[in-house]
Amino acid sequence: MAMSELQALLDAAVDAIIVIDDRGAITTFNAAAERLFGYAAAEVLDKPVDLLMPEPYHSEHKGYIDRYLATGEPRIIGVGREVVGRRANGETFPIALSVGEAHTANGRRFVGIIRDLSAQRATELRARSIEGRLAHVGRFDLMGEMAAGIAHEINQPLSAIATYAQAARRILERDQPAMTTLIDVCRKIDEQALRAGRVIENLRKFIKKQDVRTESLDVNAVVKDIMNLVDADAHAEGIRVTTKYANDLAVVRGNEVQLQQVLLNLTRNAVDAMRGSLSKHLGILVETQKGPDGGVTITVADHGPGVSSHLGDAIFHPFVTTKRDGLGVGLAISRTIVQSCGGTLTYRDNPAGGAVFAVELPVAKDDYSEQEEAAAER
Amino acid sequence: MNKKKPLQKDSPLVYLVDDDDAIRDSLSLLLQSVGLEHAVYSSALEFLEAYDRDQHSCLVTDIRMPGLSGLELQQRLNEERAYVPVIFITGHGDVPMAVNAMKSGAADFIQKPFRDQDLLDRIHKALARDGETRKWRGQEKVIRERLALLTPREAEVMQRVVKGQANKVIALDLGVSQRTVELHRARVMHKLKMRSLADLVSAIGKINEIDGARPSGTAAAQ
């Protein structure tokens with residue numbers, strides 16, 4: 001094949017193709033690469049390829065090649081990887097890079113094929129931000145439904161504070177006020193003020209517009225943290241919520257507030273279902289367990305009437321609701337949230353009567369190494 | 001906190017039921033600060049186990065509680081014909097519930113958070129009402145025993161007197177002399193040990209009311 005024909009083929013490629021030698025110097029730079037990086041081929045030929053990389057790759061790239069040449073152990077060769085590139089104007093952007101190796105008459109060559117991921121990332125980000133906003137709307141809707149319960153939960157400590165203070169005043173009006181009692185009362189007032197503050201703090205955290213980043217989560221801690229609002233809701237209806245936490249659960253990946261939103265939606269539904277139920281005294285059980293494939297399962301079990309079988313999976317569709325208040329988007333949003341963590345949200349009948357909703361979350365992929373690191377640090 | 005020292009049955013006791021530790025504790029302190037004897041319970045069932053219907057008392061209870069709610073507790077007490085005056089402590093938005101409670105028996109309610117004096121006034125009112133009820137219950141027993149001593153004709157005359165009929169009218173209706181009616185009347189007053197017509201009208205009026213509301217052999221009507 002003539003050199004000009006090869007060049008024409010390379011230039012016709014949609015993806016950027018860059019060839020380097022074993023010193024890291026660029027030997028081929030096709031038209032797509034010119035468009036992508038904003039350099040003319042003539043400007044970069046024979047220059048080190050790390051020119052196209054931001055830090056830390058820029059400084060480390062020479063080392064990567066030397067290590068490969070010395071050990072023969074490929075890190076990126078033969079595999080694709082998502083990395084970051086740098087354009088001539090200094091701008092960085094996400095790229096998918098795959099590297100192959102060739103032995104030519106002129107020596108070893110590495111062929112890099114590069115695709116721009118900026119557009120794809122932007123779309124993903126947009127989708128996630130729309131999901132995030134929808135979830136946020138869902139949280140407001142949820143809080144609206146829970147307003148009475150939350151008001152009650154804040155009113156309790158306020159009422160106790162008022163009564164403590166009034167009793168303290170009466171004690172002070174005596175000739176010989178009991179100082180130890182009064183000191184004790186001050187401590188109790190303080191405690192109750194903090195109790196009211198915690199409810200408000202949880203509420204504020206829950207309502208606040210959150211970013212939609214995922215993080216490694218300890219499911220038990222996430223559940224414990226939201227129980228305060230769950231109790232507020234259930235207590236207002238005279239329903240007890242019991243929790244059971246399994247030990248040694250795997251770390252999962254997800255967004256803390258969104259996972260709490262899922263849980264609150266499920267307990268909210270459970271409270272609604274149990275209102276007026278004859279089995280009200282049996283309460284609601286929230287349980288964390290080891291799930292299939294090493295993941296984590298959270299179940300919310302109630303003793304209400306259950307979900308009639310003709311509704312089936314439709315309960316997870318938006319605007320399908322049996323309630324007077326609320327938009328009926330709770331379960332739909334919950335399922336979207338769980339699925340975006342790679343998990344599932346399913347319904348089954350409670351053998352003891354009522355409904356069971358199960359959130360199954362897969363184990364975080366880097367869970368193993370993280371645990372090892374944590375162990376090593378100890 | 002839960003004072004179990006032997007208490008005179010006729011000295012007042014406040015039963016306090018609330019599932020919230022802080023509310024219960026603060027109310028207990030308040031009652032203690034004004035020297036009101038009280039016993040506290042964290043659930044309706046716990047209270048029902050300890051409740052002594054012969055104790056002069058009133059009940060202060062939260063309306064929303066897990067297990068038996070305040071309203072259900074009141075219903076249970078009514079079913080058992082334990083007519084203790086109840087003061088419900090309600091939260092915001094419980095007013096319709098509280099109205100129902102007042103319809104279904106002797107009850108008062110107070111919304112959280114409240115002024116201490118408001119609650120104490122209600123407690124004193126409830127205890128006074130319970131005291132009167134208890135006093136009347138004792139009287140009722142005695143009056144019923146005495147009513148059994150009346151002849152049918154004396155009972156007939158008594159009912160007409162209580163209705164406000166004049167001797168002349170009663171004599172005409174029963175076909176006897178006015179003098180005979182006067183004699184029956186005197187015997188009724190003597191047998192029932194009533195000092196005045198007003199006492200008689202008040203006592204028999206109450207008994208008629210009870211008998212009219214609860215015909216013998218049937219449970220308390222709604």
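Modeller: Chain B contains 9 helices and 5 strands; helices (H or I, at least four residues) and strands (E, at least two) are DSSP runs, numbered from the N terminus. This is a predicted model, in which local features need pLDDT of at least 70 and side-chain atom pairs count only at pLDDT 80 or more, while totals for chains, interfaces and linings use all residues. Residues are numbered from 1 along each chain as its sequence is written, and chains are lettered from A and ligands numbered from 1 in the order in which they are written.

Along the sequence, the elements of chain B follow the pattern β-α-β-α-β-α-β-α-β-α-α-α-α-α. The strands form an open sheet of 5 strands in chain B, with the order 2-1-3-4-5 and parallel pairing; two strands pair if DSSP finds at least two bridges between them. Strand 2 (38–41) and strand 5 (107–111) of chain B stand at the edges with a single partner strand each, so one side of each has no neighbour in the sheet. On average, neighbouring strands of this sheet are turned by 20° against each other, direction ignored.

Within the sheet, strand 1 (residues 13–17) and strand 3 (residues 57–62) of chain B pair in the parallel sense over 5 bridges. V17(B) stands opposite T61(B), which belongs to strand 3 of chain B.

Helix 3 (residues 70–79) of chain B lies across strand 3, strand 4 (86–90) and strand 5 of chain B, and runs at about 150° to strand 3 of chain B. For such angles, axes are lines fitted to C-alpha atoms, for helices over the stretch in contact, and angles run from 0 to 180 degrees between N-to-C directions.

Of the 222 residues of chain B, 32% count as buried, that is, with 20 or more other C-beta atoms within 10 Å of their own, the C-beta atoms being placed from the backbone.

Note on methods:
Buried ≥ 20, exposed ≤ 12 C-beta atoms within 10 Å, placed from the backbone. Contact = placed C-beta atoms within 7 Å.
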